[in-house]
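I opened my notebook to look up charged side chains and their partners. Here is what I wrote down.

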Amino acid sequence: MTYAPTFRGGPGERQQFVMNLNIRRLAEQLGDEYVLVLKMHPSVVRGVGIPFDLQEFAFNMSNEDINDVLINTDILITDYSSVVFDFSIMEKPVLFYAYDLEGYLGERNFYYNYEEFVPGPIVRTNEEVIGAIKANDFDLEKVRVFKERFFDDLDGNSAERIVKELIK
């Protein structure tokens with residue numbers, strides 16, 4: 001599973017990003033079946049520390065390309081990040097850890113109603129993150145519908161269309 005949150009606040013606040021996901025609690029509850037990859041937003045410059053005794057469970061891959069991380073992800077945990085669009089192409093489970101939804105809405109807002117828009121469960125606490133993953137109750141049909149709503153021409157012929165457009 002991969003945790004890929006977006007940044008919070010302005011440039012100064014981004015450097016002080018505090019991760020609200022309890023890595024230790026996830027390791028205790030999910031460590032027999034999962035590893036956790038952390039992929040922080042590029043605007044977050046402060047590194048994420050992983051306690052020494054959890055370094056076989058959690059891996060900070062914030063410096064890696066997001067596509068390399070996503071291709072190896074079975075469950076994405078995100079919040080308001082646009083990474084959900086890229087991940088939806090693979091039609092895999094997405095969990096939305098929106099612990100600060102009201103505050104984030106007040107700061108940024110959205111083009112769509114968040115609770116109706118996201119193609120996965122919305123959780124607000126670490127225990128709800130763990131419970132949702134353990135329950136494995138993800139509606140992949142919602143993810144498929146989301147993907148089809150925002151992507152045209154997912155037919156495997158993209159390279160051919162690009163070449164034809166460039167040669168014209």
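I started inside helix H2, where Glu28 and Arg25 sit three residues apart, about one turn of the helix. The model is predicted. I looked up their contact: Glu28 and Arg25 form a salt bridge, with 3.4 Å between the closest N and O atoms.

Next I checked exposure. Glu28 has a relative accessibility of 54%. That is over 50%, so Glu28 counts as exposed. Arg25 has a relative accessible area of 26% and is partly exposed.

Glu127 is partly exposed, at 42% relative accessible area.

I put these together. Arg25, Glu28 and Glu127 are linked in a network of salt bridges.

Then I turned to Arg24. Its side chain meets that of Asp53 in a salt bridge, 2.8 Å from N to O. Where do the two partners lie? Arg24 is in helix H2 (residues 23–30), and Asp53 is in the loop between strand S2 (36–38) and strand S3 (58–60). They are 29 residues apart, and this pair too links distant parts of the chain.

Is Asp53 buried or exposed? I noted exposed, with a relative accessible area of 55%. Arg24 is partly exposed, at 36%.

Last entry: how many salt bridges does the structure hold? I wrote down nine.

Definitions and conventions. Residues are numbered from 1 along each chain as its sequence is written. This is a predicted model: local features need pLDDT of at least 70, side-chain atom pairs count only at pLDDT 80 or more; totals for chains, interfaces and linings use all residues. Side-chain values use heavy atoms; hydrogens and water are left out. A salt bridge is a side-chain nitrogen of Lys or Arg within 4 Å of a carboxyl oxygen of Asp or Glu. Helices (H or I, at least four residues) and strands (E, at least two) are DSSP runs, numbered from the N terminus. Buried means under 20% relative accessible area, exposed over 50%, partly exposed in between (1.4 Å probe, protein chains only).
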